[in-house]
Amino acid sequence: MADDPNAWWREGVLYQVYPRSYMDADGDGVGDLRGVIDRLDHLQWLGVRGIWLSPITVSPNADFGYDCADYCDVDPSLGTLADADELIAEAGRRGIRVLLDLVPNHTSIEHAWFREARASRDNPKRHWYVWADPAPDGGPPNNWTASFGGPAWTLDETTGQYYLHNFLPAQPDLNWWNEDVRAAFDDILQFWFDRGVAGFRVDVAHMMVKDAQLRDNPPAQDGDPFMYRMLGQRPVHNWCQPEVHEVHRRLRAVAESYDPPRLLVGETFLVEIEDVLKFYEGGDQFQLSFNIPFAHCSFDAAVLADAIERTERGLPPGATPVWTGSNHDISRFPSRWGGGDPDRARCALVMLLTLRGTVFLYEGDEIGMVDTPLEYAQMLDPVGLKFWPYAGRDPVRTPMQWANVPGGGFTRAGVEPWLPFGDLACNVGEQRHDPDSFLSLCRDLVALRDALADLRAGAFTPLGAPDGVLAYRRGERVVVAINLGATTATVEGAAGVVRCCTDRARDGERVDGAMPLPPSTAAVVLTDAP
Ligand code: GLC
């Protein structure tokens, strides 16, 4: 892995840290950067090559960091720039690169740019944002709806125009048609790259550019994907505009001006895999784009096989897919795919860690953390508060479960965490010493990727398998079979040794061409050398 400066992200496992919930070093109930530093040994032990930190920049927290009031400083509740520098250095000492989260689609309403922009119509910052006159009836300039509900426009009383916000009214959209905005972000990237940051995950990357004429979106139709029906419209004029790709190319050029090149990963929160793949065209956009449609697949062998094969087939040569099962916005995979059944969650973990490409684990995935059920009164996420009884995203943001003690190993005993704990019986401390635990399985799979070049970098080849079984070969000699069906299946064709099985008692088992696989069991087989 050492010779190729890009291998760390192409082949290694990356890990998302949600800083508010990882580790609270100063005892105020909110996780912080010093806490992340304290837990780097865990990440090194797990074998991850990089971490992506959800936003650490200054934020009034209308959307918990995703409303940024200063792109070049650390939020005081999380630490200081000096802490960020130390985190980058300490992670580096452990062979772990640090990615930050860049939120370029919108700022906080409290960002100095927006304060200026709304001061008057002729303020030099005015057109850093998207303003439009009211419709003839005084209403919003067009019919766009915000991803977080309601119209995507809010009237600014002082200047008599509406500003655009595709999320909360407290998150005004930047105007990426404006050259000054583009130049400002070149500088922001450089500010962090110069501090040693290895790259960025780029928030809602597909939405940065909007239709210049602000045309109405067509209404959603029956049978449209859930997301469009929720918006009430097909987002044809505010998502995936042709010009967004130019903007990505520009940011990529900044990343490529560094040695080694820095990594950009787009959050392409899209419905169709084919739409995600457009962000790989030309090879000069971001190196990676999150395959969110894959994460939303049902946990069914045929559905998954189809999604994986469409991704692999549709990627340009040399491009790397991204596989992720959980993040701070979507239900955790042990709940969503596993349905609370630990065996199915183990199967999902085997799948994620054996596909070709970059894997992003989310904090807690390594111990099989499930979504934490919360009462309305416990919720903080504006999305959950608005769409209750849909519980929003707080259930996946509860503190990391380090130990079954008061404070959970996350904060001091007696301190109230910012969100309640989930079930502390599921925790790192106990699983670490149990060879049969989810954590041991996770660590062993990460180590197996490191040990087997086929698994790390070998081509993906789908294999025929009985109904309910997802099976593929990696490189020349690794065969993965995952039985998601209801009955025992016999997987034909693999002769070799089971290197890792969700049923750990089978590790090391010799298979000779016909491998029986009970329901909710997955095995990674190293086949005999030809
Ligand atoms: C992205 C983030 C999400 C945030 C939204 C608006 O989808 O992942 O947490 O609320 O963008 O910034």
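**Ligand surroundings and backbone features of the predicted model**

A polar side-chain atom of Asp63 lies 2.5 Å from an oxygen atom of the ligand, a polar contact in the sense of a pair of N or O atoms within 3.5 Å. The structure is a predicted model, in which local features need pLDDT of at least 70 and side-chain atom pairs count only at pLDDT 80 or more, while totals for chains, interfaces and linings use all residues. Residues are numbered from 1 along each chain as its sequence is written, and side-chain values use heavy atoms, with hydrogens and water left out.

For Arg201, a polar side-chain atom is 2.9 Å from a ligand oxygen. For His328, an N or O atom of the side chain lies 2.8 Å from an oxygen atom of the ligand. Taken alone, the ligand exposes 300 Å², of which the protein buries 97%; accessible areas come from the Shrake-Rupley method with a 1.4 Å probe.

In total, 14 residues surround the ligand, each with a heavy atom within 4 Å of it. The closest are Asp63, Asp203, His328, Asp329 and Arg393. By class, this shell has seven charged, four nonpolar and three polar residues, where Asp, Glu, Lys and Arg count as charged, Ala, Val, Leu, Ile, Met, Phe, Trp, Tyr, Cys and Pro as nonpolar, and the others, Gly among them, as polar.

Away from the ligand, what pairs up across the fold? Side chains of opposite charge can pair when their charged atoms come close. The structure holds 35 salt bridges, each a side-chain nitrogen of Lys or Arg within 4 Å of a carboxyl oxygen of Asp or Glu. One of them joins Arg250 to Glu179, with the closest N and O atoms 3.2 Å apart. This pair links distant parts of the chain, as Arg250 is in helix H8 (residues 244-256) and Glu179 in helix H6 (residues 179-193), 71 residues apart. Helices (H or I, at least four residues) and strands (E, at least two) are DSSP runs numbered from the N terminus.

The backbone also has some points of interest. Most residues other than glycine have a negative phi, and most peptide bonds are trans. The bond from Asp259 to Pro260 is cis, with omega near -5°, and Pro260 is found in the loop between H8 and strand E10 (263-266). Trp388 and Pro389 are likewise joined by a cis peptide bond, with omega about 10°; Pro389 lies between helix H14 (382-387) and helix H15 (428-432), in a loop. Asn61 has a positive phi, near 65°, and is placed in the loop between strand E3 (57-58) and strand E4 (70-74).

Conventions. A polar contact is a pair of N or O atoms within 3.5 Å; within protein, one must be able to donate a hydrogen and the other to accept it, and residues adjacent in sequence count only if both atoms are side-chain atoms.
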